[in-house]
Amino acid sequence: MTGARLKHYGWGREGEGMSAEERAFVLGRYHAKFGAGEFDTVTVPGLEELSLREPRVVPPASLTPFCTTERYDRAAHTYGKSYPDYVRAMLGDYDCAPDVVAYPRNESEISAVMDWAGSVGASLTPFGGGSTVCGGVEPQADGIKHKAAVTLDLRNLSNVVEVDPVSRAALIDAGTYGPSLENQLKPHRLTLRHFPQSFEYSTLGGWIATRSGGHFASLYTHIDDFVESLRVVTPVGVVETRRLPGSGAGPSPDRMFIGSEGILGVISRAWMRLQQRPKFRAGASVRFPTFFDAARAVRAVAQAGLYPSNCRILDPQEAFNTGASDGSSAIMVLAFESGDHPLDAWFKRALECCADHRGTPEPAEAGDAHLEGAAGIWRNAFIRMPYAREFLTPVAIINDTFETAITWDRFETFHDQVKAATERAILQATGVKGEVTCRFTHVYPDGPAPYFSFHARGRHGALLAQWKAIKDAASDALIAAGGTITHHHAVGRDHRPWYDRQRPQLFAAALRAAKRELDPRGMLNPGVLIDP
Ligand SMILES: Cc1cc2nc3c(=O)[nH]c(=O)nc-3n(C[C@H](O)[C@H](O)[C@H](O)COP(=O)(O)OP(=O)(O)OC[C@H]3O[C@@H](n4cnc5c(N)ncnc54)[C@H](O)[C@@H]3O)c2cc1C
């Protein structure tokens, strides 16, 4: 990585953030929701004001070239990017800071850190970009089972190592951040085209470890679909899977590590399936009178086998919040792309599906039609929004998201139940009416992945409890109504109670057995996904 260092509190690098106009726009939307009065503001402590405990362990001389106990490194690896992470950081609570941060440069250094951490009874937390929103990178040391906490940041493993243009695949180091990955593929005229909203500040290894959801709204929804083979460093040795386009040889070893959230080993590199860079595009913003009209159109498009790269819908309130509409209509952002052929026939057919459900396309300007109008405004807001939380938390705004998936036959009831339960919980927890909005991130022929955002006016001193009451109610509702606790944000520690209810018990036992085999000391990410 180049440029200024990453913030220890907030999104992106030091010196980055929203412009004054963007902040005013976002705060204006909240003033409109919650009243025009001044928000009660808390000052976030600076790095030098934080009190961190003395490191409980220090690395041996052989590891010091790539390990540190510096204040900045420990503070910047204490939290991920969830709402409670921001609150605790704002309150100066750095009790769980790691004792040591390691920046290995190759697999043997990963193994050396594992061996040392194991020998001193420390836990080991794999760390990519730290953009987890479910408590995936918080260091663990209870003083009994784990006497100290070591974080293993993979940023120095950051190369596209080899490109196979014939099979259209590349071997890529796990610590490679999104922009660097794409920049290194560009000269080969290839692309991974996996663009989670966190693309700039997350890594290939993190995407694979969490089964992240990216650019493609249909067909290639999760990173899983691009993984051809993996190398994983475990405390008992290295696992390497065979490069194959597909295989029916038993359960897939790749699948065991994809989504393992750092509890079975450290993904060090992967062969990834690539795409041609798109040359042909077709797209539009389509307006619908209601969100459910838009959802029915999405179902028709998904079931027609058209596989748009983008088919995201925003409910009217979500469209209003991002500035993409005046709040009177739902919006579909529809796009097709190909490196090989024109897409007019697919696009035309998708618009027919939309018209069948009262959808009206916005007239497109010349050029990148899919980035014009409401779609373009939404896309810009999508990229800039991550910077908002660092100034919304200090004014006691609770803004968070949760995402799930559900089959089409249950979607409309599911949506209404989850939304109502979340709205009720906001009112109960804060005493003030809040707002819950919904969009789709990904779509399948058998159902959508709805993504809910909620906005509440919290109170300093009670923010964590208020957030938890709302999050618990929303999670309870979506599990009770048959959804998944996460479609792509992963389980971490925050989603454990609901994942435990959703996951078959015998599967949990099998996962525990796999962990015991690969991580006999139980040092890797304790508490994530399963208890030992
Ligand atoms: C603003 C914002 C937007 C987001 N948008 C999206 C989105 O569009 N789609 C989406 O899917 N997610 C999204 N997320 C969530 C997050 O970005 C993803 O989970 C991402 O995949 C995490 O990657 P990372 O490199 O930051 O991993 P980290 O946050 O560092 O780690 C995540 C988990 O993976 C483990 N891990 C990391 N690297 C490795 C490795 N090499 N080997 C083994 N385990 C490892 C960690 O221990 C941890 O449990 C978003 C988060 C934020 C803050």
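A residue counts as near a molecule if its C-beta atom, placed from the backbone, lies within 6 Å of it. In this predicted model, domain 1 (20-153) and domain 3 (388-494) both give residues to the shell around the ligand, so the ligand lies between them. The points below describe the domains, the ligand shell and an annotated region.

**Domains and their contact**

- The chain is divided into three parts: domain 1 (20-153), domain 2 (280-386) and domain 3 (388-494).
- The centres of domain 1 and domain 3, taken over C-alpha atoms, are separated by 25 Å.
- Domain 1 gives 22 residues to the contact, and domain 3 gives 25 residues.
- On the side of domain 1 that touches domain 3, helix 1 (20-34) and helix 3 (83-90) each supply at least two residues.
- That side of domain 1 has 13 nonpolar, five polar and four charged residues.

**The shell around the ligand**

- Among the 37 residues around the ligand, those that come nearest are Gly 128, Gly 136, Gly 205, Gly 206 and Gly 262.
- Strand 3 (122-127), helix 6 (204-210) and strand 10 (266-273) each supply at least two residues of the shell.
- Helix 6 provides the largest share of the shell, namely five residues.
- By class, the shell has 21 polar, 14 nonpolar and two charged residues.

**The annotated region**

- In an unreviewed UniProt entry, the annotation "domain: FAD-binding PCMH-type" covers residues 94-277.
- Over residues 94-277, the chain is 27% strand and 18% helix.
- The end C-alpha atoms of residues 94-277 are 44 Å apart.

How values were computed: Residues are numbered from 1 along each chain as its sequence is written. This is a predicted model: local features need pLDDT of at least 70, side-chain atom pairs count only at pLDDT 80 or more; totals for chains, interfaces and linings use all residues. UniProt positions are given in the numbering used here, feature names are shortened, and annotations may be inferred rather than shown by experiment. Helices (H or I, at least four residues) and strands (E, at least two) are DSSP runs, numbered from the N terminus. Ala, Val, Leu, Ile, Met, Phe, Trp, Tyr, Cys and Pro count as nonpolar, Asp, Glu, Lys and Arg as charged, and the others, Gly among them, as polar. Domain bounds come from an automatic or database domain assignment. Two residues are in contact if their C-beta atoms, placed from the backbone, lie within 7 Å.
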